[in-house]
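Look at the structure, then read the points below.

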Amino acid sequence: MGQKITIEPVTRVEGHGKVTIHIDNDGNVNQTRLHIVEFRGFERFVQGRPYWEAPVLVQRLCGICPVSHHLAAAKALDVIVGAGTGDGLTPTGEKMRRLMHYGQMFQSHSLHFFHLASPDLLFGIDSDPMTRNVIGVALANKDLAVQGVMMRKFGQEIIEATAGKKIHGTGAIPGGINKHLSNADKDHFLNGKAPMNIDNMISWSQDALEFFKDYHSKNKGIIDQFCEFPSSHLSLVRKDGALDLYHGVLRAVDKDGNIILHDIDYQDYTKYIDEEVRAWSYMKFPYLKEFGKQAGWYTVGPLARMNTAEFIDTPLAQKEFQLFKDYNEGKPSHKPMHAHWARLIEILHSAEKMKTLLNDEDLMEGELVAKGKKQSEGIGLIEAPRGTLFHHYKVNEHDQIDMCNLIVSTTNNNQPMNNAVNQVAVREMSKKPEITEGMMNAVEVAIRAYDPCLSCATHALGQMPLEIALFDQNNKLIQKKRNV
Amino acid sequence: MKKILVYGYGNPGRQDDGLGILLVEEIESWAKAKGFESVETDSNYQLNIEDAYQLNKYDIVIYADASIEDIEQYKLEEIVPELNPNFSMHSVSPAFVIGLCKELYNEIPVSYVFHIKGYEWEFMTDLSERAIANLEAASVFLKTQIESFINEQY
């Protein structure tokens, strides 16, 4: 009997989605899809609003990565107020924003590793879901759990010090930033009582990497063979090819590492990237126009950034980057579980960057805002924790937003997430007499490697229970299961 | 004097979802005017693992949140550590935070969730009319409750 299995929403993933797995009469998985089931139109909501409100308004999208939206919107509006396309800000304006962004990256990646990924690594994919969470980590490895909590806390404090407040931060404004870093905050982050200081954060970032590498050496089957499929990869890189999470040119490489999108100015992104709508999902499918809808899809995020960048400009992270590249023999990694490794390298890089910035006097003094000739259109890109985030605005003569288009990181990863889910489902669920909790979680592990934020991706608000439903070939419900 | 944390969470850009945040703003002003130095406040979009950090230094923690449950205007509910993970872990429940605190520090404060009934959740900052009334009533109640907590003996 053909079956359709539904997993919704996917646990420990930001936002809500569901997975349907169709099994044919012979028990083979023959179709797998990651669905997005809710939609509310944020892009239409901002139409008619004064453009300068956008960096605050976009934080209403969701509370998961408001800083990334805040900064991407501000970068787009830099163009509109004539402050250039990423290189026209004052030193203070750019460095304060970068500090905010590295704080966001540090805390977001820390949450993902310690809270979402490490339980799978520590306890195994098919372990009891009740222990496969951060409290399980605390019981098994208290030091690791404490480090995760305090790294999150440190990143949040950096955000608060630069954005002004935790909720609806106002730090980034069109053309710059609205405040300097206080001397008290600088001293707190640099010389705070251990362990809450930047040197300790760097040290813990290294410890987390060592934990992962040790795990990897003993569990290559999970990390290297859990899932693998060829993909193109896309991200911002600095003009000299360095990893740059805040600003750069847009580069894509193919599965062999050949550059196929040649460091373009992202103000021209519409010439190169389009989005396809498919009837079964509210989340669009972006693709590189040159290669068409079928072949033009790409991956974004930490793993993509390791694959597109040529080097990292901080010494400790560069050393780890080289180990990563050597392990993959200089070629792009197509293993989604390597994203955990990449994420940890970026945690270390962000910590090093924060230390450099905290010692920079430009944060404490200097002009905050740059201005120029007003424009009617602006595009802002940033490397958010989950990948490349696009904000595109057009404004009218009354300074109102006429058009808004957002391509969020998770949308960019739509096709690769679907591919990963399909590969794991075919392997784990075909010809098996019973669908186990471990099999279900294996599918979710594949999705979690991308750290998706589905509420952002659909610009949606809503909550659903975790539900697993089993259908036969006639879509008749056979079994329904809720995890909570 | 008992050390109390009032923590509001929600998104004030989503209409009534900001009830917890707005309540905390009111409590912060009130505690300052009253000179209640042992009453601290905090807020964020949602709770997460870092909120367990040093939570054990408080005697009482009150989490204020908008509620879609079938309650009247507000409800104060004592909670215990809960080790069950949420199915969507981009945020965690107050009980989960308390549970994590217990595992990390071996002690926890007496903890409550203060539910305030909300009705509208659109991309707006203004509360619905009924939510405004609930916020006012909830604020009066919680101030009385906090004064009672402060005066309790150890």
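Asp268(A) is partly exposed in this predicted model, at 29% relative accessibility. Its salt-bridge partner is Lys271(A), at 3.9 Å from N to O. Lys271(A) counts as exposed, at 55%.

**A salt-bridge network**
- Arg238(A), Asp240(A), Asp313(A) and Lys353(A) are joined into one network by salt bridges that share partners.
- Within it, the side chains of Arg238(A) and Asp313(A) meet at 2.7 Å, N to O.
- Arg238(A) sits in the loop between strands E6 (232-237) and E7 (249-253) of chain A, and Asp313(A) in the loop between helices H12 (302-308) and H13 (315-327), so the bridge ties together parts 75 residues apart in sequence.
- Arg238(A) is partly exposed at 27% relative accessible area, and Asp313(A) is partly exposed at 29%.

- Glu361(A) and Lys186(A) form a salt bridge of 3.0 Å, N to O.
- The two are 175 residues apart: Glu361(A) is in the loop between helix H14 (338-358) and strand E12 (377-384), Lys186(A) in helix H7 (residues 183-191) of chain A.
- Glu361(A) is partly exposed at 41%, whereas Lys186(A) is buried at 16%.

**Whole-structure counts**
- The search over all chains gives 27 salt bridges and zero disulfides.
- Cys227(A) is buried, at 1% relative accessible area.
- Cys101(B) is buried too, at 0%.

**Chain A overall**
- Chain A has 18 helices and 16 strands.
- Of its 484 residues, 64% count as buried.
- Among contacts with a separation of 6 or more, 69% join residues 24 or more positions apart.
- Its accessible surface is about 17000 Å², with 47% from carbon and sulfur atoms.

Notes
Residues numbered from 1 in each chain as written. Chains lettered and ligands numbered in written order. Predicted model: local features only at pLDDT ≥ 70, side-chain atom pairs only at ≥ 80, totals over all residues. Heavy atoms only, no water. Helix = DSSP H or I, 4+ residues; strand = E, 2+ residues; numbered from the N terminus. Buried < 20%, exposed > 50% of the residue type's maximum accessible area, 1.4 Å probe, protein only. Contact = heavy atoms within 4.5 Å. Areas by Shrake-Rupley, 256 points an atom, 1.4 Å probe, with all protein chains shown as cover. Disulfide = S-S within 2.5 Å. Salt bridge = Lys/Arg side-chain N within 4 Å of Asp/Glu carboxyl O.
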